[in-house]
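Colleague: I am new to reading structures. Could you walk me through one, feature by feature?

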Amino acid sequence: MRQKLIQAIVDMKEAEALALVNEMLNNGIKAMDVLSAVKEAMDIVGKKYEEGSFFLPELILAGEILNQISQLVKTNMRDAVKTDRHGKVLIGTVKGDIHDIGKDIVTFMLDVNGFDVMDLGVDVAPEKFIQAIKDFQPKVVGLSGFLTLAFDAMKDLIAEIDKAGLRDKVKIMIGGGQMDEQVKEYTGADAYGKDAMSAVRFAKSWIGG
Amino acid sequence: MDSKQITDAMFEKILSPKDPQGNDLAFISPEAKKQYQDNVTRFKNTIEFKKTDRVPVTVFPSMFPLAHAGITVQEAMYDYDKCVSACRKFVLEFQPDCQFGAAAPGPGKFYEILDYKLYAWPGHGVEADHSYQCLESEYMKPEEYDLLITDPSFYFRNFYLPRVFGAMGGFQMLPPLTGTLEMYGLAYNYIPYGLPPVQQTFKALFDAGAEALKWAGAMGAFDGEMAASGYPNILGGFTKAPFDTIGDTLRGTRGIMLDMFRRPEKLIQALEAMTPIMINMGISAARQTGNPLIFIPLHKGADGFLSDEQFKKFYWPTLKQVILGLIEAGCIPFPVAEGGYNTRLEVIKDLPAGRTLWMFDQTDIIKAKEILKDRICILGNVPSAMLQLGTVEDVKDYVKKLIDNVGKGGGFILSNGAFFDKAKAENVKAMVDFTKEYGVY
């Protein structure tokens, strides 16, 4: 049944996946074991996205299936399935910009690739980033921005991080809409990634895993 | 007249523009008149892959003209004269072959009167010097598909509009217009118009309409003035891909993508219901303005958003119908492929030759030329980052590369790739001037 559940999720068969979870719980299978199967399915979903056979709709539906299963088993995957996390990544869309699709994909992909991700959301003020760097102590900070206004917001934020004495504690990657290598130079970030997979590659190269 | 003759007739009229009184437009000089006519003809011939003197060049910015003139987006939204004078400075200083009007910031007071909630705009969720941004959400509930499919206009008026405009709450009380049939019982249909919430909504609409008219006067005067100075605006209106209509404004990205799995038949029926409406939206705008070019911003069909299969099943069929329907009426569809469209080129290449104009941003434009050949005119694609952060030399090198590779054989208009808010003026200037110099055939 574990295998069937994994298959149902990977095949994007939402109703079947939820029915299987209910059946497993009724048969006395523990929440932890259900969630470990779900985790395995999510890893496959992530791989398929990397390979280019899955796209945004599959990631959104997978996320939705995961949420519903978490509600059914009344616990979330993070608490139930202890995985060795490679390291921490802090992520957010910079001040003035409220776009979230790209950021959410990167968060999903970092998560399924074993990173401990804290997502600050959109239109995040520099003070909030800085406080989170102090509290969460990430090794990598990912800045997202869709609009050209994000160029200056990123540059200003990175200058603030520097001023707070935190710049050498984190590697900073940027991505989204109109970003490129030139913007990376301008903002003082360490890397620019054109897609979610490059974000994963940078995080792996800086943190390991 | 066949559809091509309708297009030609529209251009004939554009070549002899009128003032608001219906008299021949007074150009500021004979040179301005010649420049105007040359610019229109060059644009048209390029789209149709006919021989021209050089590669046309245009600049299609977002809020850049405002920043360049030293005013904020907010000022431009509330002071139409300021907006127009910033756009005038932009056109006269950079001298593109065609201009795209002063309408980008829009009328702030109008949005306020209606209490528009779909966007954050300066003073309403974003800073004074920032562009407006969409507040995507699930404005249409998944169980409302049948309502939308059965009668899209009724659904929009009674359900969607009251959710995105605070001032349109009264619309929820209105009966369908199709209830007006016979004398018997007729008045029952009109009771809601006597109720205070409905009357308040209409009051707001009257005020909003008056403000829109005031704004449109300023916009129209600007286009007339620019035409008289030699700079045509051939933008005729806008419409959308049905998938984006539902995905951007009704169901949201998340909603529409879940619907692809949960209720694919309903989604396709809704896309089909919206298709004739999207076609008519473009055609009626073109008839009103007399301009054939219909702007179609493309969002959720870009590379990475959908698989090939999903694109061909959900996105392309109805967009293709919109494009063909516009062409049939003599319009020139102007799809703007935001993001990348590399994986879609093979799908779009079979559109009627010489009848559309496609703007590309992060698409490999040289590869696009190879695939689209002499069928589809390409407009693009100097990157926003280069315009803001690069040097004049960077821009010239890029323009040269575009003209050498994409300009070959015509069917290419040089432009920026994405709508931009900020740039170095000298880079924008170099983009235009160097095209005029190097792009001579």
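Modeller: Start inside. B:Trp358 touches B:Leu298, B:Trp316, B:Ile323, B:Pro335, B:Tyr341, B:Ile348, B:Leu351, B:Ile376, B:Cys377, B:Ile378 and B:Leu379, leaving aside residues up to four places away in sequence. This is a predicted model.

Colleague: Which residues have the most contacts inside the largest nonpolar core?

Modeller: The general idea comes first. In soluble globular proteins, nonpolar side chains tend to be buried together. Here the largest nonpolar core has 158 residues. Those with the most contacts inside it are A:Leu5, A:Ile69, B:Ile246, B:Trp358, B:Phe360 and B:Leu414. A second, separate core has 28 residues, including A:Leu120 and A:Tyr192.

Colleague: Is B:Tyr188 buried or exposed?

Modeller: B:Tyr188 counts as exposed, because its relative accessibility is 63% and the cut-off for exposed is over 50%. B:Tyr188 sits in the loop between helix H8 (152-164) and helix H9 (196-228) of chain B. With B:Met173, B:Ile191 and B:Leu195, B:Tyr188 forms a nonpolar surface patch. Together they have about 410 Å² of accessible area.

Colleague: What joins B:Glu127 and A:Lys95?

Modeller: A salt bridge, at 3.0 Å from N to O. B:Glu127 lies in a loop of chain B and A:Lys95 in a loop of chain A, so the pair joins two chains.

Colleague: How far apart in helix H9 of chain B are B:Lys203 and B:Asp207?

Modeller: Four residues, so about one helical turn separates them. They form a salt bridge too, with the closest N and O atoms 2.8 Å apart.

Colleague: What does the predictor give the complex?

Modeller: An ipTM of 0.92 and a pTM of 0.94. Chain B averages a pLDDT of 97.

Terms used
Residues numbered from 1 in each chain as written. Chains lettered and ligands numbered in written order. Predicted model: local features only at pLDDT ≥ 70, side-chain atom pairs only at ≥ 80, totals over all residues. Heavy atoms only, no water. Patch = residues over 30% accessible without salt bridge, like charges linked within 9 Å, V, L, I, M, F, W, Y side chains within 5 Å. Areas by Shrake-Rupley, 256 points an atom, 1.4 Å probe, with all protein chains shown as cover. Salt bridge = Lys/Arg side-chain N within 4 Å of Asp/Glu carboxyl O. Buried < 20%, exposed > 50% of the residue type's maximum accessible area, 1.4 Å probe, protein only. pLDDT = per-residue confidence, 0-100. Core = buried A, V, L, I, M, F, W, Y, C linked by side-chain atoms within 4.5 Å. Contact = heavy atoms within 4.5 Å.
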